[in-house]
Amino acid sequence: MPKLTYPKAKRALTALNALYDCVEDLTEQEREDLELAANAVRAICDRIPDPAQ
């Protein structure tokens, strides 16, 4: 399995946020699911060392 790096995790978070912002006809359940997924990815990002720091 490929190693998850900070930049990859940040790209995943950016993609989830873009879906939330760009898709206009999401149901309430889909919005909630995207928020949960974004929160999970954000938590993972917090656990991965940022090479820029």
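Author: Helices (H or I, at least four residues) and strands (E, at least two) are DSSP runs, numbered from the N terminus. This is a predicted model, in which local features need pLDDT of at least 70 and side-chain atom pairs count only at pLDDT 80 or more, while totals for chains, interfaces and linings use all residues. Residues are numbered from 1 along each chain as its sequence is written, and side-chain values use heavy atoms, with hydrogens and water left out.

Reader: Glad to start! In which helix is Ala37 found, and is Ala37 partly exposed or buried?
Author: Ala37 belongs to helix α2. Its relative accessible area is 28%, and the classes are buried under 20%, exposed over 50% and partly exposed in between (1.4 Å probe, protein chains only). Ala37 is therefore partly exposed.

Reader: What separates the C-alpha atoms of Ala37 and Leu16?
Author: Along the chain, Ala37 and Leu16 are 21 residues apart. Their C-alpha atoms are separated by 7.6 Å.

Reader: How do α1 and α2 lie to each other, roughly parallel or roughly antiparallel?
Author: Helix α1 covers residues 6–22 and helix α2 residues 28–47, with axes 9 Å apart and a packing angle of about 160 degrees. Axes are lines fitted to C-alpha atoms over the stretch in contact, and angles run from 0 to 180 degrees between N-to-C directions. Angles under 35 degrees count as roughly parallel, over 145 as roughly antiparallel, 65 to 115 as roughly perpendicular and the rest as oblique. The two helices are therefore roughly antiparallel.

Reader: Which residues of α2 make the contact with α1?
Author: Contact means heavy atoms within 4.5 Å. From α1 come Tyr6, Ala9, Lys10, Ala12, Leu13, Leu16, Asn17, Leu19 and Tyr20. Their partners in α2 are Arg31, Leu34, Glu35, Ala37, Ala38, Val41, Arg42 and Cys45.

Reader: Beyond four places in sequence, with which residues is Val41 in contact?
Author: Neighbours of Val41 within four places in sequence are left aside here. The contacts of Val41 are then Ala9, Ala12, Leu13 and Leu16.

Reader: What separates the C-alpha atoms of Lys10 and Ala52?
Author: Lys10 lies in helix α1 and is partly exposed, at 35% relative accessibility. Lys10 and Ala52 are 42 residues apart along the chain, and their C-alpha atoms are separated by 13 Å.
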